[in-house]
Amino acid sequence: MKKQLVLKKSVMAVALTLVSSQYAMAQTAPANDENIQKVVVTGSNIKRIASETASPVTVIRREEIQATGASTVRDVLDTLTAFDTTALKDDGGRTGFAAGASGASMRGLGKGATLVLVNGRRISNFAFADGGKETFVNVDSIPTDIIDRIEVLKDGASAIYGSDAMAGVINIITRKGYQGIGLSASYKQGVSPQIGKQPLVGVIAGYGDLEKDRFNVFANLEAYKRKGYSQADVMNEYPGWHKEFVVPSFGNVSFTSFPGNINEPAQGGANPHPKIRQAVASCPADRVQGGLCANDLNGLINSSDGAERLNFFSGARLKISDTLQAFGEFSYSKTRTDYRSLPFGMAAGSPWTWFDGNAKKSQNVTKPKLAVGNPANPFNYPVGIDYRFMDDDSMWSAPSEASQYRAMAGLEGTFGA
């Protein structure tokens, strides 16, 4: 079997917006004794009655993000009490239809009911809908180094944004400018210093003062890596009661193995024989347990999937007048998650059964048997076999790659007033 490589691309077209209150949230800047409290209103343009108040918003600032030690946007969101940590994640998402991406879900209503914005504007969804039906934003494509703050509206906002905001809104606010050159690096330890480490490196550079030069342009490049590890790597980290009370099969060998075990039920009639279950003759002696050929699969079971990400974000602002600015944003993301399936195994016995949608009926395929004369069959009649395709482990590697990009330009402020 060849490696499966999935390429996914999505793009958002250039948008032109003329708005006076452009963002999707509301936040209150901290007050002090010397300055008047500053209130930044970034809500809707829908009129309110006097008895209505602003919706509650949780604001996670850049300093707080750094204090958590989070390496990714998903790590930050996982710290919120309203966030659903079981939502689709690239690590462990091999079986998902949208493997290789991480979504956002709040209050248990799913990714399709949680709206993710960047600077108050919608961004393109991941190319594959989870389960073929639930669209979502891949938060792994957003670099953490350019985040100024994250505003989280935990109440439903479907009246303003539509049904994709029933659970709430997550608004990621980026830096508006940068001068000079900055470097950042972090290291997140996994189970141990050698297992599951996550290094992150970022560089940001910018030029121009918006007030003096009337322009600013900056760019950020961020590289992230997560080292995957297998169940065998962490087996010693589990306490003894885990196998005894939680997963009795934890760490066990598999008898659906390579080169296999003969497995044939008792048979009467013209060719009678007793039940047979034994290792094939070619099984190495050191892997025979209780007369059966065994394989230790713990080194092939991924406890964490390795990943590599390269995220780029750039922004530019031009001050046209005291009340009007032109802006532009461009971002590019390339992610790769290294998934690996267990080598396919088949056990003798009942046939494979599936529902044939075209014929609208169940179909059956009898499992193959070792024919008479096969080197692995010492009997004078066909016998079943428990077998796992482990002659080439690399054929079960299934990396998932995704490339996403976004461009936006527009005007912001007022004119002609």
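The points below describe selected features of this predicted model.

1. **The main nonpolar core.** The largest nonpolar core has 28 residues, and Leu 77, Ile 150, Ile 170 and Ile 172 touch the most other members. Helix H2 (73-77) contributes at least two residues to this core, as do strand S6 (114-118), strand S8 (147-153) and strand S9 (168-174). In soluble globular proteins, nonpolar side chains tend to be buried together.

2. **Ile 172 and its surroundings.** Leaving aside residues up to four places away in sequence, Ile 172 touches Val 73, Val 116, Leu 117, Val 118, Asn 119, Ile 142, Ile 147, Arg 149 and Ile 150. One of these contacts, Ile 150, is also the bridge partner of Ile 172, which lies in S9. The strands S8 and S9 pair in the antiparallel sense over six bridges.

3. Another core, of 12 residues, lies apart from the largest one. Its members include Ile 262, Ile 276, Cys 283 and Ile 385.

4. **The five-stranded sheet.** An open sheet of five strands has the order S5-S8-S9-S6-S7, with mixed pairing. Strand S5 (57-61) and strand S7 (121-122) are the edge strands, each pairing on one side only.

5. **Arg 175.** This residue is located in the loop between S9 and strand S10 (180-188). Is Arg 175 buried or exposed? Its relative accessible area is 16%, and because buried means under 20%, Arg 175 counts as buried. Not counting residues up to four places away in sequence, Arg 175 touches Arg 62, Asp 145, Ile 146, Asp 148, Ile 204 and Phe 218. With Asp 145 there is a polar approach: the backbone oxygen of Asp 145 lies 3.3 Å from a polar atom of the Arg 175 side chain. Arg 175 and Asn 119 are separated by 56 residues in sequence, while their C-alpha atoms are 9.4 Å apart in space.

6. **The pair Phe 97 and Phe 128.** A search of the whole structure finds 11 aromatic pairs. In the pair formed by Phe 97 and Phe 128, the ring centres are 5.7 Å apart and the planes stand at 45 degrees, so the pair is tilted. This pair links distant parts of the chain: Phe 97 belongs to the loop between H2 and S6, and Phe 128, 31 residues apart from it, to the loop between S7 and S8. Phe 97 counts as exposed, at 52% relative accessibility, whereas Phe 128 is partly exposed, with a relative accessible area of 28%.

7. **Other aromatic features.** One aromatic cluster is formed by Phe 258, Phe 344, Trp 352, Tyr 387 and Phe 389. Elsewhere, Lys 111 lies over the face of Phe 136, at 5.8 Å from the ring centre.

8. Along strand S11 (residues 198-207), Gln 198, Leu 200, Gly 202, Ile 204 and Gly 206 point to one face and are buried. S10 and S11 run antiparallel and are joined by nine bridges, with Gly 180 opposite Gly 206 in S11. S11 also pairs with strand S12 (residues 215-226) in the antiparallel sense, over eight bridges; here Val 201 stands opposite Ala 223 in S12.

Key. Residues numbered from 1 in each chain as written. Predicted model: local features only at pLDDT ≥ 70, side-chain atom pairs only at ≥ 80, totals over all residues. Heavy atoms only, no water. Core = buried A, V, L, I, M, F, W, Y, C linked by side-chain atoms within 4.5 Å. Buried < 20%, exposed > 50% of the residue type's maximum accessible area, 1.4 Å probe, protein only. Helix = DSSP H or I, 4+ residues; strand = E, 2+ residues; numbered from the N terminus. Contact = heavy atoms within 4.5 Å. Pairing = 2+ DSSP bridges. Polar contact = N/O pair within 3.5 Å; in protein donor to acceptor, adjacent residues only side chain to side chain. Phe/Tyr/Trp six-rings, centres within 6.5 Å; stacked < 30°, edge-to-face > 60°. Lys NZ or Arg CZ within 6 Å of the ring centre and 35° of its normal.
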